Amino acid sequence: MSAPPSTSPAQSENPPPENEGLTVDSGLTPAGPTPSQSRFQVDLVAEAAGVTTGQDKTPDSDASPQASGDSAAPATDVAPNCSGEVAAGGEEAKGRFRVVNFVDPSGASSPDAAPSDGIQNGDTVMSEGSLHSSTGGQQHYHYDTHTNTYYLRTFGHNTIDAVPKIDFYRQTAAPLGEKLIRPTLSELHDELDKEPFEDGFANGEELTPAEEAANKEASESKGVVKFGWIKGVLVRCMLNIWGVMLFIRMTWIVGQAGIVYACVIVAMATVVTTITGVSTSAIATNGFVRGGGAYYLISRSLGPEFGGSIGLIFAFANAVAVAMYVVGFAETVVELLKNGDMLMIDEINDVRIIGTITVIILLGISVAGMEWEAKAQIFLLVVLITAIFNYFIGSFIPVQSKEVYGFFGYDVGIMMENMGPDFRGETFFSVFSIFFPAATGILAGANISGDLADPQMAIPRGTLLAILITGIVYMGVAVSTGACIVRDATLAVTNATVNCTDAACKFGYDFSSCKPPPGELSSCSYGLHNDFQVMSVVSGFGPLISAGIFSATLSSALASLVSAPKVFQALCKDNIYPGIGVFGKGYGKNNEPLRGYFLTFGIALGFILIAELNTIAPIISNFFLASYALINFSVFHASLANSPGWRPSFKYYNMWVSLAGAMLCCVVMFVINWWAALLTNVIVLSLYIYVSYKKPDVNWGSSTQALTYHQALTHSLQLCGVADHIKTYRPQCLVMIGAPNSRPALLNLVHAFTKNVGLMVCGHVRITSRKPNFKELNNDIVRYQRWLLNNNSKAFYTPVVAEDLRQGTQYLLQATGLGRLRPNTLVLGFKNNWKTGDMKDVETYVNLIHDAFDFQYGAVILRLREGLDISHIQGQDDASGMKDVVVSIDMSKDSGADSSKPSSKATSAQNSPAGQKDDDDDGKAPTQPLLKKGRHPTMPLNTTDQKLLEASQQFQKKQGKGTVDVWWLFDDGGLTLLIPYLLTNKKKWKDCKIRVFIGGKINRIDHDRRAMATLLSKFRIDFSDITVLGDINIKPKSDNIAAFARLIEPYRLKEDDMEQEAADKLKAEEPWRITDDEIEMFKAKSNRQIRLNELLKEHSSTANLIVMSMPLARKGAVSSALYMAWLDTLSKDLPPILLVRGNHQSVLTFYS
């Protein structure tokens, strides 16, 4: 490595940490290593006593472009801070190491560099200061695993193996600490001359661009305001739960329902919110919680479909809730103005004016920053608590002047009279529906999860304690008001008479003059039933109750005004819905969603100007309840999935209680308002369907994923315990396709009859005689499987590495599949180049068919006149433009590792493409041309390639009216008939009719036709026509016989022209040779193939597809060349033809 230049004075004044082990030099940042360089970069510092002092200089090794792990550099760096001693060589120097991050090209040093902590007894450790970057940006740590591994010390030994550390498990740079990358398995395990992995994140830890951007913004901010559990959660939840209901509706609820039922109503609401709070606590403690509140919790638990639908309506509900609370405040103010005869215009317009002014002030507080908003919340809480204490103090101070309003102080008689219900125009559930919205607001703390210092601790503690305190206060108010205030009172005082039996009678008052008959409304003006402001009468100082009402409404409005933009910002950053990303941008040190604030302000202002929210209020309550229901369901779902990743540190939850909570929320939705509940469900379902259709490219490790895996595993095991049955048979195909995009016609045709019916596995044999590149193989699995998914191909990609095609295919035939989900049919493309290619490859190809039958597989061969393989055409396109490649793949490496060797480039039976195209960018590749002309400059296609390209796409489009001709000549168990039946059931093939051709005798044509028609009707397979071929055994035309003879001539052994020993030797060396005895023995079978081709041209030359029984060749009796000649002769110059041979076990039955 080059000698490091001297550091600047600023650097020497603030030296970086010199721990024994892994420390961070965050002062300088070069451009970083090239892809060919190691991820690890080591500064060697020799061990010597007293080597670190405040004035020592550190080698600025990363100022040199060669410092990033150049394996060619000698490992003998000079350490200027080692008392003048020089490490002369690798064997002599016993050094420590420190990891150097990429630094700023400007060379500016960090003022925050931590002082040295000294030597740590040879152990690999990291100082606390090194866990946090001085720049706040993302750090990359690089060790040189080639030249300097001798100096890497763990437990005092020379190894780069890392000890467990939290920083290895972080997703990316964050304020809590830096993301470190542990040494990869490759770097620890591979040979030293091999290049290490250029790994990203493993096991689904990779982040979406939105999350990376959010983390970058978070990490770059300094002085971020973070709240603890009291200020951030407890205060907000209490303010949101204590709404105006506490002061102006609680007394009415007690008057209607009585003390007992009022307490039951409060308890029921508290049970629902407590279960939801427990579920929220469980989710919040199952890993680090980012900003987004309810949306984040639900989306990361149940996936983007549920999260996206709830996130949108939850944010909207909070925005409209701002208007509801502000209108509640404005109505109270207008009521005071009305009593003082101070109205500005009229009641409705005064509400609009005051509401507008109020929401503008609240917006100003919110935009000023979270710290100001938090201070405002504290002030409002103090006012609210003062108002509550003011009421309770006043309830113990009976004043005679208040008795005419129905307040007599605590009295057993009043309490007993108010113990039972006295419903007047209401029912228990209608009263419950009026109260329940007062219990909501438990997510006020969770909604600002991104602004909490420790969400995992703050959310459970603050939420549950807020529910407990507010529940006690609600019950206390219910009991208190019921024990000291009568239900009906009037200022028109009547002295108690002998007939007076009410509780007020013993105090000398008779309010029976205005008391209504049971169930009817009262004409009294005061008392629990009639006066919503009776708590002001009871309180020690009436105006404080008004202040409490103002505090309750404004605090709830302020909390909702903050919650809506925060939730919406998280939703925007995840790119679930198009066109809303502009509102995800954050500003300032707290990443404030200013655009979201103004959007929320606009929505709230619009509803304030309407000023009539009685209709919208039930819908908003139902939106909140839908969120609660899904949070509860998330816990049940995650527990049911039994995923190892579900490990909440909050243990006091139960999956069945959470399920009961979800059901309770749904019931309460309908109790509050049935049509609002239906509307909510319709909206959630519509958004769910939309997000499911869009399929956002996110992977959050949701419980939906976990449960899908759990169910797949369970059902796969259950299938293994059930024997096969003919009625449940389905073709499960192993398609030897190579790379999935190299033979689209084969892929599309097989997919047409296996989609949603049977298993399809794309087999790919990578042929290499060298050491296999398993890294590239693993990359291909991810890459091609994603290609299949993006092209809506329901198939699996399974590659194997083998020395030849036959060996690899045998591996696949034996090992592909899981339990009963195993292939039973081998599908091949016809080997068009068999006459010009190496005959050893022909021998291999024919042996694949023999192997399939040996393994009791069926066999299917597809032949197109133009060929199947288009990989050489794709090679003209730019393979580097593929957007969904997970890791960078150098396709030029190990070019011998694909299976193009055994056959030609154009139409081989097994071949990998030259590169991967980017035709899956939008997931609609099946309807797009495989070549994107105009995107990259390409060579013009010749006529042959143009026809090949067009033919390869013929099964992608809808087939017009035509026929699928089934030549069912030999009974193979019914597979030859089942495949065309499945094909014509698909949308693209439904206009094609099945025509059946069978062999027969001229004198029995009608009988054979009726017999076949009967069989097909019993199989319940529709057909348009049955043709009996009575002339199937007629001798073919002499020209065609001569053409067949010319075809096999080059492959004949001609043993009569040589010595027997020489003939045997040649046959042993070239087993594909055709002997004279073989030609004579199978002359009739050869003529049959020639004759069948003549009949096919006569009857099926216009068919969309021909499905025909494949001729069999007995092993050891028919040579490969003769068998290929049969297949070639049978299928040449025809429309697409599918040669099918089942394993001769029935796949069709007419029994029920």
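Val399 sits partly exposed, at a relative accessible area of 31% (buried is under 20%, exposed over 50%, partly exposed in between, with a 1.4 Å probe and protein chains only). This is a predicted model, where local features need pLDDT of at least 70 and side-chain atom pairs pLDDT 80 or more, while totals for chains, interfaces and linings use all residues. Residues are numbered from 1 along each chain as its sequence is written, and side-chain values use heavy atoms, leaving out hydrogens and water.

**View 1. A nonpolar patch that includes Val399.** Phe389, Ile393, Phe396, Ile397, Val399 and Tyr410 make up about 610 Å² of nonpolar surface. Patch members have over 30% relative accessible area and no salt bridge, with nonpolar side chains joined within 5 Å and like charges within 9 Å (a salt bridge puts a Lys or Arg side-chain nitrogen within 4 Å of an Asp or Glu carboxyl oxygen). Look for Val399 in the loop between helix H10 (370-395) and helix H11 (412-417); helices are DSSP runs (H or I) of at least four residues.

**View 2. A negative patch that includes Asp1077.** Here Asp1056, Asp1057, Asp1077 and Glu1080 form the patch. Asp1077 belongs to helix H31, residues 1076-1081, and is exposed, with 57% relative accessible area.

**View 3. Cysteines in a model with 0 disulfides.** The count of disulfides (two cysteine sulfurs within 2.5 Å) is 0. Cys666 is partly exposed at 36% relative accessibility, whereas Cys263 is buried at 17%.

Methods:
Accessible areas come from the Shrake-Rupley method with a 1.4 Å probe; for residues, only the protein chains shown count as cover. Lys and Arg count as positive and Asp and Glu as negative; His and the chain ends are not counted. The place of a charge is taken as NZ of Lys, CZ of Arg, CG of Asp or CD of Glu. Helices (H or I, at least four residues) and strands (E, at least two) are DSSP runs, numbered from the N terminus.
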